[in-house]
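Please prepare a briefing on the fold of the chain shown here, with attention to its sheet and to the packing of its helices.

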Amino acid sequence: MTVLILGGSGFLGTELVRQALAAGHVTAATFASRPGTTAGVAWHHLDVRDPVRVASVIAEVAPSVVVNTSSGQGDWAVTADGALRVALAAARAGCRLVHVSSDAVFSGARVHYDETCAPSPLTPYGAAKAAAETGVRILLPGAAVARTSLIIGHGRSEHERSVHALIAGTRDGVLFTDDVRCPVHVEDLAAALWEIALSELAGTFHIAGADALSRHDLGLLIARRDGLDGARLPVGRRADTSLPGALDVRLDSRATQVRLRTRIRGARTFLRGEGAEGAPASPGAT
């Protein structure tokens, strides 16, 4: 099978590429600024704001499955319009599409959100992600939209690097005690996305860990795993700042989990058994 990963040089994209190659798929991936370093991959430069280029890459690769992990944060032309261009090109080419979305589509007003909850974004990024979800579902009713949360793994995520930098004093900032999410391991997330992609499942899915943690509590777990002094982490409350966005958003992934073989571990489980450069204690089954 030929697969195409959009945003393949990113943190999640790199793991998707690794798992695709390990499964024996013919693998192509896109990048915005520089290609990834994984060998055995056909790398394609892609700006999703260019509809002609989007269509030409999909036509050239001729994939059976496209997984779109690309995002321009609050840049509407990339995060919203770009996702729709990908969906339109995939529909015209007859490809299956899995679109990766975010818990940023929710306001936090109800705290707990399952797959049936309608978006209620507070930020430009959340609004763009919500618009992308709607467009993808309209253009490709058979597509899968997968919302996720903070992605962690092997010390390589932005969240893990931030903990190290804050403890070392090389970065300013604080970790909030009232900003709560449901972290997921990058390997579990990628395995779940591939399981969905290679099935006929359609609709909205939540792929997040079962443990709801504040960013500070998550930082303490990372510090303990890596043998660092968590007491050195600067602490604050997001409610005391002017930063926009939701405080407490907990993705309820139970309905998705019962449909998957891949086990989505909570952060207290995977951070207990993983070293920053090591493998998790119990990788998700595929």
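The briefing below treats the overall fold, the sheet and the helix pairs in turn.

This is a predicted model, in which local features need pLDDT of at least 70 and side-chain atom pairs count only at pLDDT 80 or more, while totals for chains, interfaces and linings use all residues. Residues are numbered from 1 along each chain as its sequence is written, and side-chain values use heavy atoms, with hydrogens and water left out.

**Overall fold**

- The chain contains nine helices and 15 strands; helices (H or I, at least four residues) and strands (E, at least two) are DSSP runs, numbered from the N terminus.
- The C-alpha trace spans about 55 × 40 × 35 Å along its principal axes.

**The sheet**

- An open sheet is formed by seven strands in the order β3-β2-β1-β4-β5-β7-β12, with parallel pairing; two strands pair if DSSP finds at least two bridges between them.
- Its edge strands, each pairing on one side only, are β3 (42-45) and β12 (203-207).
- Neighbouring strands of this sheet are turned against each other by 20 degrees on average, direction ignored.
- Strand β2 (residues 26-31) runs parallel to β3 and is joined to β3 by four bridges. Thr30 has His44 in β3 as its bridge partner.

**Helices across the sheet**

- Helix α3 lies across β1 (2-6), β4 (65-68) and β5 (96-102), and runs at about 165 degrees to β5. Axes are lines fitted to C-alpha atoms, for helices over the stretch in contact, and angles run from 0 to 180 degrees between N-to-C directions.
- Helix α6 (residues 186-197) lies across β1, β4, β5, β7 (144-148) and β12, at about 145 degrees to β5.

**Helix pair α2 and α3**

- Helix α2 (residues 51-61) packs against α3 (residues 76-93) at an angle of about 40 degrees, with the axes 9 Å apart. The angle makes α2 oblique to α3; angles under 35 degrees count as roughly parallel, over 145 as roughly antiparallel, 65 to 115 as roughly perpendicular and the rest as oblique.
- The crossing of α2 and α3 is right-handed: a crossing is right-handed if the near helix is turned clockwise from the far one by less than a right angle, and left-handed if anticlockwise.
- Pro51, Val54, Ala55 and Ile58 of α2 meet Arg85, Val86, Ala89, Ala90 and Ala93 of α3, contact meaning heavy atoms within 4.5 Å.
- This contact of α2 with α3 has eight nonpolar, no polar and one charged residues. Ala, Val, Leu, Ile, Met, Phe, Trp, Tyr, Cys and Pro count as nonpolar, Asp, Glu, Lys and Arg as charged, and the others, Gly among them, as polar.

**Helix pair α3 and α4**

- Between α3 and helix α4 (residues 124-139) the angle is about 10 degrees and the axes are 8 Å apart. The two helices are therefore roughly parallel to each other.
- The crossing of α3 and α4 is right-handed. Residues in the contact include Trp76 and Leu84 of α3 and Tyr125 and Val136 of α4.
- The contact of α3 with α4 divides into 14 nonpolar, two polar and one charged residues.

**Helix pair α5 and α7**

- Helix α5 (residues 158-168) and helix α7 (residues 215-225) pack at about 80 degrees, with their axes 10 Å apart, which makes α5 roughly perpendicular to α7.
- The contact of α5 with α7 has four nonpolar, two polar and three charged residues.
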